[in-house]
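Hi there,

Here is the structure I promised to pass on to you. Have a look at it first, and then read on for what turned up.

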Amino acid sequence: MSIEMNEDDGAVRGLLGTAFADAEPPLRDLASGSIARGDGQRRRNRMFAVGGATLSAVAVMGTFALVSGATPGRHGNQGPANQVTSAASSANPSGKLPFGPAGGSVQKALDVKWQLPGLLQPLLPQGITAGAPATDFSPDPRSPALLTGATGTNQVTMWVGTAPTSQADVLKAIPCPSKMDCQTKAVQGGTVYIHQGSTTAADALRDGGDHYPADTLKASAAKTIAAEDLSVTFVPDDRSKYEFNIEMSTTTAKFQYAEHEPSDYPTGEAWPPDLNRNDSSFDPAGLMVSADDVVAMLAKPGMNRLESLLDPNTAVSKGTQDKFTQTASQIVAAAAPALPAGVKAGIETSMMQVNMVVTGSTGKNVVTWETGSQSRYRQNINWCPPNVNCSNKAVPGGTLEVWAEKPMDSKGTISTDGFSSYEYWFFPDDASKPGVTMTLETDASRTGVPVQVITPPGQTYSETDGPYALPQVSADQFAAAAQSGQLSAAIAQATPLLATLQ
C-alpha cells in the first residue's frame with residue numbers, strides 16, 4: 001500500500017458504517033457482562049437481581065457518542081511517524097469481504113490475538129508499545145490491542161474489508177455520525193476518512209440511559225472531557241485491495257461524584273457508584289496516535305502482513321493450531337480428577353466462544369466453575385427466584401445449595417418444564433475457607449445442537465425452546481468432589497488455561 005498525505009482536506013465525509021451501529025467497542029468494558037455474570041461467574045443472564053444495569057450509563061463511551069473538539073495525538077510523540085511516499089506492496093484479500101468487520105473462527109480470533117501485537121509494534125511511532133487487550137472482546141469481530149505510552153494506555157481495534165465498487169455506495173455506507181468532527185483526505189492510492197471527538201462526563205451519564213440522574217456527578221466535573229476517540233479508514237482506489245479501519249479510544253478522566261446521594265438516586269443502589277472500575281484504557285493525556293501517524297503507518301512494508309492477519313478468511317498459523325490443541329488437552333487432564341466416572345471434559349467453540357463442556361452418557365453441558373468468598377456467594381443466593389427450584393442440605397464438612405432454573409420467555413413466564421441450568425454451591429463449615437460453585441448449562445444450543453424455535457401467539461419474534469440435556473454431574477457428585485478438594489484443585493489448574501483461549 002502506497003500512501004502520501006494530500007493537504008487538501010476535501011469534502012467532509014463519514015467513517016464508520018452502519019455495520020458498527022450495534023457493535024461499538026465498550027470503552028468502559030461492558031462486553032464482559034461482569035455484573036450479569038455475578039463477578040465473572042457466568043456469561044449469560046442469570047436470575048439474580050444484582051444490578052445488571054449498573055454500567056449501562058457509560059456504554060456510550062464508544063465512537064458514536066462523541067462531542068467534537070478533541071485533537072487526537074496531543075501527546076507529542078517522541079518520534080512521530082514520518083510521511084512515507086515510497087510504495088509498499090499491499091496484500092491481496094482472500095476474496096470478497098464485507099464493507100465492515102467480519103468474524104471468523106475462534107482459532108482465527110486467537111491467531112490474531114496472539115500475533116497482532118508483534119505485527120503492529122513496528123508500525124507504531126516510537127515510545128508506544130503494543131500489547132494484548134485488557135478487555136475480553138470475544139463477541140466483537142474487530143481485532144483489539146492495547147497501546148501503552150508514557151502516561152497511560154489506549155484501546156485500539158482494527159479490521160479489514162473490501163469496499164463497494166461504487167463511490168456512492170461507499171459514501172452511503174459511511175455517513176458522518178452526529179456530533180463527530182469528520183474529515184476526508186485524499187492520499188496516494190485512495191481516500192482516508194477520519195473521525196475524531198470527545199465526550200464529557202455528563203454526556204456519558206445522560207446518553208447511557210436513565211439509570212443515574214444527572215446530579216450523580218459533581219457539578220464542577222460534569223463538563224470534564226471523559227474520553228477521546230479517533231477512527232481512520234483507508235478506502236483504496238483499487239477496490240480489489242484491502243480497506244483498512246483502525247479505531248483508538250481512551251478514558252481521560254475518572255467520574256467524580258456529588259458529595260451527597262441525590263434524592264432521585266435509584267433505590268437500593270450503592271452510593272457512590274463505581275463506574276470507573278471497568279475502564280479498558282486510561283490516559284489523562286488523551287490519544288497517543290494521530291491521524292497523520294496512521295497514514296504513515298499504512299505505507300510501511302509490514303502493513304501487508306498485518307492486513308493478511310486481520311483477514312477473517314486467511315489460514316490460521318500452525319503455531320496457533322498447535323497451541324490451541326495443547327491447551328485444550330491440558331484443560332481436559334486438569335478437570336478429569338474432579339469429574340464422575342464416565343464424564344469427560346472438553347472444549348467447545350460454538351457461538352464464537354470458547355467454553356468448557358462436560359459430556360456423559362445422557363448429553364453435554366456447558367460448565368463454569370470457580371472458588372470464591374462464601375459471603376459473596378451467599379449474597380447472590382439470599383433469595384429464590386420464581387423460575388428456580390432452590391434447595392439446600394447439610395453434608396459432611398459443610399452445606400450444599402442447589403438451584404435448578406427453568407427458562408422464561410420475554411414476558412417473564414416459565415416457558416417449559418425442562419431445566420436450562422443447574423447451579424451448585426458448597427459452603428465449608430469453616431467460614432474462612434472459600435466456597436466452591438459449579439454451573440451446568442443444559443440448553444443444547446450452547447453446545448452447537450440445533451434448537452427448537454417457537455413464535456409466541458401474536459408476536460413477530462421467535463424464542464428458543466430447548467432441547468435441554470440432563471445434568472452430567474449430579475449435586476451429590478459435585479459435593480463429593482468439593483469435599484475431597486479435587487474440585488478446587490481442578491479449578492485452580494484449568495481456569496488459567498481456559499483464560500488463555502478466551
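Which cysteine forms a disulfide with Cys-384, and how far apart are their sulfur atoms? The partner is Cys-390, and the two sulfur atoms lie 2.0 Å apart. Please keep in mind that this is a predicted model.

**Disulfides**

As you will know, a disulfide is a covalent bond between the sulfur atoms of two cysteines. Searching the whole structure gives 2 disulfides. For the link between Cys-384 and Cys-390, the torsion about the S-S bond is about 95°, so this disulfide is right-handed. Cys-384 is partly exposed, with a relative accessible area of 38%, and Cys-390 is also partly exposed, at 29%.

The other disulfide joins Cys-176 to Cys-182, with an S to S distance of 2.0 Å. This link is right-handed too, with 75° about the S-S bond. If you number the bonded cysteines in sequence order, the pairing reads 1-2, 3-4.

**Aromatic rings**

There are 6 aromatic pairs in the structure. One of them is Tyr-257 with Trp-271: the ring centres are 6.3 Å apart and the planes stand at 65°, which makes the pair edge-to-face because that angle is over 60 degrees. Both residues belong to the loop between strand 7 (243-251) and helix 4 (291-298), and they are 14 residues apart. Tyr-257 is buried, with a relative accessible area of 15%, while Trp-271 is partly exposed at 24%.

Tyr-265 is buried, and its relative accessible area is 5%. Ring pairs bring Tyr-212 into the picture too, linking it with Tyr-257, Tyr-265 and Trp-271 in a cluster.

**Charges over rings**

Two places are worth a look if you like charged side chains next to aromatic ones. The charged end of Lys-323 sits over the ring of Trp-114, 3.9 Å from the ring centre. Likewise, Arg-378 has its charged end over the ring of Phe-427, 4.0 Å from the centre.

**Helix 1**

Trp-114 also leads us to helix 1, where a kink of about 35° lies at this residue, shortly before the proline Pro-117. Helix 1 covers residues 106-120, which is 15 residues. From its first C-alpha to its last it reaches 21 Å, close to the 21 Å expected at 1.5 Å a residue.

Which residues of helix 1 are buried? They are Val-106, Lys-108, Leu-110, Asp-111, Val-112, Leu-116, Pro-117, Leu-119 and Leu-120. The buried residues of this helix pack against several elements, including strand 1 (129-131), strand 2 (143-148) and strand 3 (153-161). They also pack against helix 4, helix 5 (303-310) and helix 6 (318-335).

That is the tour for now. Happy browsing, and write back with any questions.

Best wishes

Terms used: Residues numbered from 1 in each chain as written. Predicted model: local features only at pLDDT ≥ 70, side-chain atom pairs only at ≥ 80, totals over all residues. Heavy atoms only, no water. Phe/Tyr/Trp six-rings, centres within 6.5 Å; stacked < 30°, edge-to-face > 60°. Helix = DSSP H or I, 4+ residues; strand = E, 2+ residues; numbered from the N terminus. Buried < 20%, exposed > 50% of the residue type's maximum accessible area, 1.4 Å probe, protein only. Lys NZ or Arg CZ within 6 Å of the ring centre and 35° of its normal. Disulfide = S-S within 2.5 Å. Expected span 1.5 Å × (residues − 1). Bend = angle between axes of the 7 residues up to and from the residue. Contact = heavy atoms within 4.5 Å.
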